[in-house]
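Here is a friendly walk through one protein model and its charged contacts. Have a look at the sequence and the fold before reading on.

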Amino acid sequence: MRSIALVITLVCSPFVYSQLNIIPQPASVIMGNGSYIIPVNVRIESATTAAAGPNSKNEFDKSSEFLLSYLAEYYQSWRNASTQDLPPARSRILLGFDKSKNTQPGSYTLEVTNEGIDITGHDEEGVFYGIQTLIQLLPPHLSNNTIQIPYVTIKDHPRFAYRGLHLDVGRHFMPVDFIKKYIDLIAYHKLNYFHWHLTEDQGWRIEIKKYPTLTQVGAWRNGTIIGRYPGRGNDNKKHGGFYTQEQIKDIVKYAADRYITIVPEIEMPGHSSAAIASYPSLSCFPEEPTIKYFPKVCKWSGDSTGKQVQQTWGIFSDVFCAGKEETFKFLENVIDEVAALFPGKFIHVGGDECPKANWKRCPNCQKRMKDNKLKDEHELQSYFIQRIEKYINGKGKTLIGWDEILEGGLAPNAIVMSWRGEDGGIAAAKEKHNVIMTPDKYVYYNYSQAENEDSLTIGGYLPLEMAYNYEPVPQALSEEQSKYVLGAQANMWTEYTNNTKIVEYMLFPRLSALSELLWTPKEKKSWNDFEKKLPMQLKRYELWKTNYSRAYYDLKATVIPSENFDGVLWKLETKNPSATIKTVTHFANRPYELKFAEGNDYTAPIPVKSTQLVAAISMVNGKAISNPISQNILFNKATGKKISLVTQPSDTYKGDGAFTLINGIQNEKGLAQRKDFLGFSGTDCEAVIDLGKEEKIRSVIVHTFSEPGSWIHRPLTMEVFVSGDGTNFSSVGLTDDFIESRAKTGNGTMKVEFTMTHPARYVKVVVKNWGEIPQGNPGAGSKAWLFVDEIEIN
């Protein structure tokens with residue numbers, strides 16, 4: 001009999017941990033009475049090799065070694081493996097196959113009894129997933145000389161075949177050691193695909209032996225913008241790196257040993273600046289320097305002649321030339337080497353965000369269109385993708401692309417990754433194409449987790465509960481069409497994620513939510529149960545020495561109307577039922593120190609009727625368990641009054657509804673405090689404020705925001721109307737003057753000031769959106785965002 005002996009000294013408190021804390025939640029859990037004490041000498045045995053003989057191959061070596069490594073890494077009680085003396089029959093973990101119990105690929109049964117631990121699987125992957133569940137039965141912290149786990153029978157299987165996590169190493173390079181840790185984190189959560197985004201405008205990260213300049217030149221940029229686009233300058237630091245083919249082979253094996261398939265992504269035809277910097281002839285216009293395509297609002301570093309690797313974020317018109325045969329030969333040669341390195345069946349080609357401006361003025365591209373009877377540049381992109389797909393299929397691989405590959409006609413065998421919402425995935429599934437759902441609203445983990453985010457992020461807001469409650473199969477699909485949804489994936493883009501600790505912070509705990517929505521049967525998912533399991537999961541992150549966001553436990557502060565609209569109420573909420581909330585208040589223009597220990601216990605929303613600072617913290621046993629929060633509530637004639645909106649804001653940026661605009665909170669930190677804003681996509685903001693009685697007004701100020709890199713543009717105009725009856729309004733002023741704040745955060749104001757006061761009870765403010773993003777800006781032609789955070793009436 002072949003076996004692997006564990007000689008371990010595990011320490012645990014007598015309390016049996018983790019009985020109900022398995023993430024993702026299994027399909028079936030039946031608790032027994034009692035617990036199994038894992039002995040210090042325990043063996044991992046294979047039922048199949050025991051039956052076949054001592055020299056038989058052990059199919060479970062990968063699972064066994066993973067468990068042994070985990071124990072050695074995190075319990076610091078490992079002793080060298082030994083096969084000298086067999087322990088008693090109860091001192092074993094038995095691994096085997098049983099397809100009668102486990103009928104689906106990836107399914108397993110885990111049984112803990114007084115005889116030991118048995119894990120059977122439908123296949124090797126199933127046994128490996130059983131090992132992950134066993135790991136979650138172990139306590140995250142040990143304190144005695146024994147470890148015990150509950151008697152339990154778990155039957156489990158994955159819901160989706162494709163359970164993926166993505167990492168962008170093009171914008172910021174990540175070291176090999178971290179890539180391996182990333183793969184381990186994927187494995188712990190029973191995911192099975194790692195989408196490795198290897199090329200970008202800002203860097204080429206994979207060694208291609210036929211084209212050495214790709215890593216000699218394309219892997220390095222001379223600087224990076226500082227802060228959020230367009231940046232506060234350039235750091236003037238060379239950044240880059242790449243993975244050699246030997247390193248990639250090692251990483252591919254590392255992933256395969258954890259039953260994870262790597263999906264390499266080579267971007268085309270857009271996001272190709274790094275490749276073009278290496279081989280300029282791949283551009284439609286090799287003689288045009290990269291600086292021509294570089295936004296004038298950003299700061300360049302170093303040599304600006306010729307083709308260069310990009311130093312800022314966004315979308316650039318210098319893309320692979322679709323009219324040159326040289327382009328296709330280059331990409332085919334790259335695919336040859338990529339296909340040889342990655343044994344999985346998928347190659348991702350991007351296909352997203354490819355501007356057509358250069359193709360429209362390129363003689364070679366126009367000739368290609370004429371020769372192939374293509375009516376526009378969208379069909380040219382379709383030609384490009386379909387030609388590449390045919391080559392990839394010839395390698396025995398399947399092409400994956402972002403949902404833009406639908407434009408102009410979908411390649412015959414392509415799989416669509418739907419990121420711009422679900423529409424692309426729905427359209428592809430209805431055409432009987434396989435789909436992987438990855439809509440940014442629910443699975444872009446570069447979006448902020450907190451409403452008031454201290455870290456620099458790209459924008460958006462994706463709290464844990466919203467991430468958990470995503471359903472990958474759209475309601476618009478029939479049962480038959482739903483079969484084309486292979487699964488879903490979360491994406492980690494790294495424009496503002498420049499080190500591994502930040503990557504971890506952005507991932508967790510949302511990755512745990514992802515694992516449950518992809519693995520757990522739909523009817524078994526429960527947000528309330530997941531919340532209860534979260535504290536134990538956070539302890540596991542700490543065991544793994546993995547950073548995570550504590551945003552889930554942040555105090556939630558909301559400013560709400562008072563009953564008589566004669567002020568506001570400051571409402572506080574905490575997720576921790578045992579916490580005490582301490583509050584302090586300070587009036588304007590007085591020095592203060594936040595001494596929470598001397599503050600008041602929060603019992604009900606706090607009335608605020610004049611300008612003051614309010615602050616709070618949550619405490620347990622006199623110790624703070626959250627970051628303090630504070631808000632300056634600034635009063636004017638509009639604060640706390642009745643307000644209505646003609647056009648409602650986007651669900652993505654809806655703040656606390658219309659009251660957000662007159663709650664006394666003026667945004668000072670841009671998108672880091674996104675809850676302060678109402679966001680309107682392509683539409684105007686039109687608000688009517690009832691002051692309660694006739695007031696004399698001399699000015700109206702709208703607090704707004706501009707960040708073109710995030711598609712958010714300053715208002716086109718702001719106009720003020722007044723009325724005595726709320727029906728008949730007269731215009732009293734209009735301005736197109738936007739005054740940016742000195743802090744350069746993107747915040748700004750538009751002000752209509754009157755030469756004489758106007759009596760009015762009702763004030764209507766119309767803030768005009770640009771509608772479409774102007775040419776020359778990121779996202780040109782798409783709907784412009786308008787952000788408004790406060791209306792001030794004086």
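What follows is a short report on salt bridges and a surface patch in this predicted model.

## Salt bridges overall

Side chains of opposite charge can pair when their charged atoms come close. In this structure there are 34 salt bridges.

## A link across the sequence

Let us start with Glu471 and Arg159, whose side chains meet in a salt bridge with an N to O distance of 2.9 Å. Glu471 sits in the loop between α14 (464–468) and α15 (479–482), while Arg159 sits in the loop between β8 (147–156) and β9 (162–168), so this pair ties together parts that are 312 residues apart in sequence.

How accessible is Arg159? Its relative accessible area is 25%, so Arg159 counts as partly exposed, given that buried would require a value under 20%.

Next come Asp318 and Lys307, a salt bridge in which the closest N and O atoms are 2.6 Å apart. Both residues belong to the loop between α7 (273–278) and α8 (325–341), so the pair ties together parts that are 11 residues apart in sequence.

Are these two partners buried or exposed? Asp318 has a relative accessibility of 4% and therefore counts as buried. Lys307, at 10%, is buried as well.

Helix α6 (residues 245–256) holds both Lys249 and Glu246, which are 3 residues apart, or about one turn of the helix. These two form a salt bridge as well, and their closest N and O atoms are 3.3 Å apart.

Here the accessibility values fall in two classes. Lys249 is partly exposed, with a relative accessible area of 43%, whereas Glu246 reaches 55% and is exposed. The cut-off that matters for this pair is 50%, because exposed means a relative accessible area over that value.

## A nonpolar patch on the surface

Which residues form a nonpolar patch on the surface? They are Leu20, Val29 and Met31, and together they have about 250 Å² of accessible area.

Leu20 is found in the loop between β1 (3–8) and β2 (28–38). With a relative accessibility of 62%, Leu20 counts as exposed.

Technical notes: Residues are numbered from 1 along each chain as its sequence is written. This is a predicted model: local features need pLDDT of at least 70, side-chain atom pairs count only at pLDDT 80 or more; totals for chains, interfaces and linings use all residues. Side-chain values use heavy atoms; hydrogens and water are left out. Patches are made of residues with over 30% relative accessible area and no salt bridge: like charges are joined within 9 Å, nonpolar side chains (Val, Leu, Ile, Met, Phe, Trp, Tyr) within 5 Å. Accessible areas come from the Shrake-Rupley method with a 1.4 Å probe; for residues, only the protein chains shown count as cover. A salt bridge is a side-chain nitrogen of Lys or Arg within 4 Å of a carboxyl oxygen of Asp or Glu. Helices (H or I, at least four residues) and strands (E, at least two) are DSSP runs, numbered from the N terminus. Buried means under 20% relative accessible area, exposed over 50%, partly exposed in between (1.4 Å probe, protein chains only).
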